[in-house]
Amino acid sequence: VASRPAAEGKATTIRPVDVRTSDPEPDTNGWKAVDGRPETSWSGDWLVLAYDREIQVEDVQVRWADGSPTHLLLLGSLDADFWYELPFADGPLPLSYLWVIFPPDDPAAEVSEIRVKGR
């Protein structure tokens, strides 16, 4: 999923400081979705990426594993209490948390990489 092309030369890939998933504890395999290695993958119902500051997100790119369902909902938050959908139609959006949700009626999605582009 590529939501909006980033402005040339401005946006960079921003790495999260924490990853939480729908998996039971210990919650470690969600890092496989953001480790920069497309040969690893994560599978589940949802994951939340947390950042150490407010970022301006211009684009979210998802690389799917072969055969994975590709439906998702992207929500952003500044405080992890109030969440809003990320349309990207009007430019970069501020967030400190990104919640990636996959439909409950689909088989579990398998993601090999999520890249968040912004400033």
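This is a working chat about a predicted model.

Colleague: What should I know about numbering and cut-offs before I start?
Modeller: Residues are numbered from 1 along each chain as its sequence is written, and side-chain values use heavy atoms, with hydrogens and water left out. This is a predicted model, where local features need pLDDT of at least 70, side-chain atom pairs count only at pLDDT 80 or more, and totals for chains, interfaces and linings use all residues.

Colleague: Salt bridges, then. How many does the structure hold?
Modeller: The structure holds 3 salt bridges. The term means a side-chain nitrogen of Lys or Arg within 4 Å of a carboxyl oxygen of Asp or Glu. Side chains of opposite charge can pair when their charged atoms come close.

Colleague: Which residue does Arg119 pair with?
Modeller: Glu58. The closest N and O atoms are 2.7 Å apart. Arg119 lies in the segment after strand S8 (109–118) and Glu58 in strand S4 (residues 46–64), so the pair ties together parts that are 61 residues apart in sequence. Strands here are DSSP runs (E, at least two residues), numbered from the N terminus.

Colleague: Is Glu58 buried or exposed?
Modeller: Buried, at 6% relative accessibility. Buried means under 20% relative accessible area, exposed over 50%, and partly exposed in between (1.4 Å probe, protein chains only).

Colleague: What does Arg20 meet in a salt bridge?
Modeller: The side chain of Asp18, at 3.0 Å, N to O. Arg20 is partly exposed at 42%. Asp18 is partly exposed too, at 26%.

Colleague: And which residue forms a salt bridge with Glu39?
Modeller: Arg37, with the closest N and O atoms 3.1 Å apart. Glu39 counts as exposed, at 59% relative accessibility. Arg37 is partly exposed, at 43%.

Colleague: Arg37 again: what about Ser112, which residues does it touch?
Modeller: Leaving out residues up to four places away in sequence, Ser112 touches Lys32, Ala33, Arg37, Pro38, Thr40, Ser41, Arg63, Trp64 and Ala65. Contact means heavy atoms within 4.5 Å. Ser112 lies in strand S8. Its relative accessibility is 5%, so Ser112 counts as buried.

Colleague: New topic, aromatics. How many pairs?
Modeller: The count comes to 6 aromatic pairs. Rings of Phe, Tyr and Trp (its six-membered ring) pair if their centres lie within 6.5 Å. Planes under 30 degrees apart count as stacked, over 60 as edge-to-face, and the rest as tilted.

Colleague: Why is the pair of Trp46 and Trp99 edge-to-face?
Modeller: The ring planes of Trp46 and Trp99 sit at 85°, with centres 6.4 Å apart, so the pair is edge-to-face. Trp46 lies in strand S4 and Trp99 in strand S7 (residues 93–101), so the pair ties together parts that are 53 residues apart in sequence. Trp46 is partly exposed at 30%, and Trp99 is partly exposed at 25%.

Colleague: Which residues form the aromatic cluster with Trp46?
Modeller: Trp83, Tyr97 and Trp99 form one aromatic cluster with Trp46.

Colleague: Now the nonpolar core. Which residues touch the most other members?
Modeller: Leu47, Leu49, Leu98 and Ile114, out of the 25 residues in the largest nonpolar core. S4, S7 and S8 are the elements that give two or more residues to this core. The largest share, 8 residues, comes from S4. A nonpolar core is a set of buried Ala, Val, Leu, Ile, Met, Phe, Trp, Tyr and Cys residues joined through side-chain atoms within 4.5 Å. In soluble globular proteins, nonpolar side chains tend to be buried together.

Colleague: What is Leu47 in contact with?
Modeller: Beyond its neighbours within four places in sequence, its contacts include Val19, Leu98, Trp99, Val100, Phe102 and Ile114. Arg20 is also one of them.

Colleague: Where is Glu54?
Modeller: In strand S4. Glu54 counts as partly exposed, at 44% relative accessibility. Leaving aside neighbours within four places in sequence, Glu54 is in contact with Leu78, Pro94, Leu95 and Ser96.

Colleague: Which side chain makes a polar contact with that of Glu54?
Modeller: The side chain of Gln56, at 3.4 Å. A polar contact is a pair of N or O atoms within 3.5 Å; within protein, one must be able to donate a hydrogen and the other to accept it, and residues adjacent in sequence count only if both atoms are side-chain atoms.

Colleague: Last one, backbone. What is the phi of Ala80?
Modeller: Positive, about 65°, although Ala80 is not a glycine. Most residues other than glycine have a negative phi. Ala80 is in the loop between strand S5 (73–77) and strand S6 (84–85).

Key: Helix = DSSP H or I, 4+ residues; strand = E, 2+ residues; numbered from the N terminus.
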